[in-house]
Structures are given as structure tokens and as C-alpha cells.
Amino acid sequence: MLSEIDCSDENYPSDGLPDEERIVIYVSDGQTVPIVVDSYEPGEAGPYTLNVSFTPIVCGDGTVGSAEQCDDGNTMSGDGCSATCTYEPDVLCENAVELVIGENTGNTATGTSAFEGSCLGWDVPETIHRFTPPSDGTLTLTLSAATDLGLYLRESCADFGSELACVDDGGRGHDETLMIDVTGGEPLFVIVDTYTSINSGPYTLTVAFTPAP
């Protein structure tokens, strides 16, 4: 019983319509799945029809299946989505968008879902930026969006443990601000992430830098 994958008994016969139950699950190649059709109570045992359909998940078809992290329509590695449809963090980091001092725009809805911060970003879309301080000083990042977004700062893009700060203090339409002292010439990675998938969308990221005296 503890090996149960799913169970459905949400409907019952009414107004002349039959009892129809539906289960959709992901299965692995060669996996055997026992299927048990049961009655709600002894007096309701009887005949049934069980329709079974199977849709293969194909890496490279442009559709992200339940067992895929990504699917960019090809089976080539080195473009951020590997030949087995998993994210390639190092490649994504290499392609990080450079930030400039002033206003920068982006959209998490068109990003990946490969990273997460300590305060947000679990399996929801993000965009990756890079900024190299021109000297020692104070970096101020202000994130403005109509949706609920946040941001985190890392010393090493693909290393969760290199996070320096993470902010997601406000909700929809509230600015998020991160201020931190930084070292000149040391690249930093700024990841704008989404609180929940329905909150992905466009944003403005304003960068201000004050050199150390």
C-alpha cells in the first residue's frame, strides 16, 4: 500500500452520467505499474471500461515534459539545455546579461528555472545578470516590478553556497532593494527570481554604485 502512486475517486454517477475517474502520471521506460480498480462499497461492485493512453516524452521536441527540466527543440549540448533536456548551469552563467549603472530591464517569464535563492525561486523562472564593480564601493540594486519578484546576489553564479544576500521583502508592485559593500574587479551575479510561477513578468533593475572614499 505504501507504494501507491496516485488514487482517484472524485466523482460518482449522477443524472444518468457514468462515474468517470482520471489519473495522469509520469512513468519510466520499462516500469511496471499495477492498476487496481476498486469499489467505494461492496454494493457498488460491477462492470467497467478502463481506457489507457500513453504519450511519450521526447527530448528535443520543444515541449517540456514532466521528466524534463528544459526542452529547446534540439538535442545539442552547450546551449544551456543539454542533449538529455537538463539545464547546463555553467552555460547559463556564461550567457548572463551584463548590468550597466542605471536602469536595466528584463523579464523572468522568458527565463530559465535552474536556480533558487535562500528566500525565493523554487522551480520558478529567473533571469541571470552579471556586474563587475569598477572599484571598491557600495552597490545598490533596486528591483521594480508589477508582480512579486525578488533578487539574490552571488559571488559564483552556479554555487548556491556563494550567496551574499537575498531579498524578497515586499509583494506585488513593491520595490526590492539590496545594498552591499563590494570589491572592485570581482564579478558578481545578480539573479532576479519569481516568488511563484504566476508572478513571473517584466521588471526594471536599477543599479547604483558609490565608490569607497
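User: In which segment is Tyr48 found, and is Tyr48 buried or exposed?

Analyst: Helices (H or I, at least four residues) and strands (E, at least two) are DSSP runs, numbered from the N terminus, and Tyr48 is found in the segment before helix H1 (89–94). Buried means under 20% relative accessible area, exposed over 50%, and partly exposed in between, with a 1.4 Å probe and protein chains only; Tyr48 counts as exposed because its relative accessibility is 54%. This is a predicted model, in which local features need pLDDT of at least 70 and side-chain atom pairs count only at pLDDT 80 or more, while totals for chains, interfaces and linings use all residues. Residues are numbered from 1 along each chain as its sequence is written, and side-chain values use heavy atoms, with hydrogens and water left out.

User: Which residues touch the most other members of the largest nonpolar core?

Analyst: In soluble globular proteins, nonpolar side chains tend to be buried together. A nonpolar core is a set of buried Ala, Val, Leu, Ile, Met, Phe, Trp, Tyr and Cys residues joined through side-chain atoms within 4.5 Å, and in the largest one, of 20 residues, these are Leu139, Leu141 and Leu205. Strands giving two or more residues to this core include E4 (137–144) and E9 (202–211), and E9 gives the largest share, four residues.

User: How many bridges join E5 to E6?

Analyst: Two strands pair if DSSP finds at least two bridges between them; here four bridges join E5 to E6, which run antiparallel, and Tyr152 stands opposite Cys166 in E6.
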